[in-house]
Amino acid sequence: MKMPPMTLKRRRSILGFAFVSPWLIGFIFLFAVPLIQSIKFSFTKLELVPGGFTLKNVGWSNFDTALFIDANFNRQLTESVINMLVNVPLILFFSLFCATLLNQKFRGRGLARAMFFLPVILASGAVAAAEAQGLINLIGDSTTAEQMEGASAMFDMMPLVDTLLEGGAPLWAVDYLLNAVDRIYEIITASGVQILIFLAALQSIPGSMYEVAKIEGATAYETFWKITFPMVSPLILTNVIYTIIDSFTDSTVTRTIVRTAFTSQNFGLSAAMSWLYTLVAALLLFVIGYLISRKVFYYN
């Protein structure tokens with residue numbers, strides 16, 4: 001019996017499943033068991049004994065200790081959320097600005113793109129491990145480090161502050177910009193992947209749209225807000241989610257969780273902290289993703 005032809009919807013469903021299947025297989029065989037164990041550990045007290053460990057049920061005691069007894073977890077969790085809310089807009093604005101510049105045609109464009117992605121490579125786990133083992137030295141000797149600090153201290157931001165305040169900028173906006181200038185290297189380091197994603201989005205915009213806008217007499221400002229920004233808005237959502245997750249993967253909270261488990265040998269409390277941290281991150285992702293997705297423009 002001849003099979004009916006496969007519909008386009010079914011083909012897309014099969015293609016989507018094939019796309020996520022490597023992650024799904026890895027999750028089932030590598031992460032599912034540790035995930036279930038961490039849930040079990042969060043409600044128990046783990047004690048190491050010869051030949052293994054024993055689990056004693058303590059209910060919600062570990063969560064109560066993390067939230068109301070531990071002196072640092074609440075403060076570090078709040079600081080991580082605040083830093084995320086501050087860093088995400090800075091990284092997104094900087095990434096979109098750099099991607100727009102790198103999308104222009106100029107001599108040495110490939111080298112410029114590589115330079116902006118270089119901090120991502122230098123901050124990778126392999127390079128960090130090599131530096132920790134003393135195989136490479138990215139900072140240089142103490143004299144070089146002192147010269148770099150002296151050079152950064154020579155930049156006087158008071159004229160910028162005076163200009164912004166005299167122009168009527170609110171004090172909170174001035175503080176936000178000064179904070180961004182102080183942490184420019186951190187922002188550049190965290191923006192490499194986002195720049196690549198925005199660059200791919202910009203290159204996917206049909207050139208005919210810009211030609212029509214130019215014929216109609218649209219200015220560069222109008223072209224950006226009427227064509228470029230709506231067309232890259234789906235990737236803005238992608239970059240927001242990626243940046244939020246990236247900001248939570250390496251913070252004082254994660255280091256506290258690791259230290260609680262492997263230094264203090266309190267695996268139950270560490271598991272409870274991990275799940276509280278995960279729930280906070282998931283809640284923020286849901287709320288921010290929902291708010292941004294309502295403004296996303298999808299071009300068909």
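Visitor: How does the lining of the second largest pocket divide into nonpolar, polar and charged residues?

Guide: This is a predicted model. The lining of its second largest pocket has 11 nonpolar residues, five polar and no charged.

Visitor: Which residues lie nearest the centre of that pocket?

Guide: Of the 16 lining residues, Phe248, Ser274, Tyr277, Thr278 and Ala281 lie nearest the centre. The space in the pocket is about 450 Å³.

Visitor: Which elements give two or more residues to the lining?

Guide: H1, H12, H13 and H14 do. H14 gives the most, with seven residues.

Visitor: Now the packing. Which residues touch the most other members of the largest nonpolar core?

Guide: Look for buried nonpolar residues joined through side-chain atoms within 4.5 Å. Here the largest such core holds 42 residues, and Phe73, Val232, Ile244 and Phe248 touch the most other members. Two or more residues each come from H2, H3 (73-102), H10 (192-203), H12 (220-249), H13 (252-262) and H14. H3 gives the most, with 13 residues.

Visitor: What does Ile244 touch?

Guide: Leave out residues up to four places away in sequence, and Ile244 touches Met84, Val88, Leu285 and Ile288.

Visitor: Back to H1. Where does a kink lie in this helix?

Guide: Helix H1 spans residues 8-42, and its kink of about 50° lies at Phe31, shortly before the proline Pro34.

Visitor: Which residues of H1 are buried, and what covers them?

Guide: Buried here means under 20% relative accessible area. In H1 that picks out Ser21, Gly26, Ala32, Ser38, Phe41 and Ser42. Their cover includes strands E1 (44-49) and E2 (52-57), with helices H2 (61-69) and H14 (267-293).

Methods:
Residues are numbered from 1 along each chain as its sequence is written. This is a predicted model: local features need pLDDT of at least 70, side-chain atom pairs count only at pLDDT 80 or more; totals for chains, interfaces and linings use all residues. Side-chain values use heavy atoms; hydrogens and water are left out. The bend at a residue is the angle between axes fitted to the seven residues ending there and the seven starting there. Helices (H or I, at least four residues) and strands (E, at least two) are DSSP runs, numbered from the N terminus. Buried means under 20% relative accessible area, exposed over 50%, partly exposed in between (1.4 Å probe, protein chains only). Contact means heavy atoms within 4.5 Å. On a 1 Å grid over the protein atoms alone, a cavity is a set of points where a 1.4 Å probe fits but cannot get out, and a pocket is an open set with protein on both sides within 12 Å along at least five of seven lines; lining residues have an atom within 4 Å of a point. Grid points are joined across faces, edges and corners, and a volume is the space filled by probe spheres set on the points. Ala, Val, Leu, Ile, Met, Phe, Trp, Tyr, Cys and Pro count as nonpolar, Asp, Glu, Lys and Arg as charged, and the others, Gly among them, as polar.
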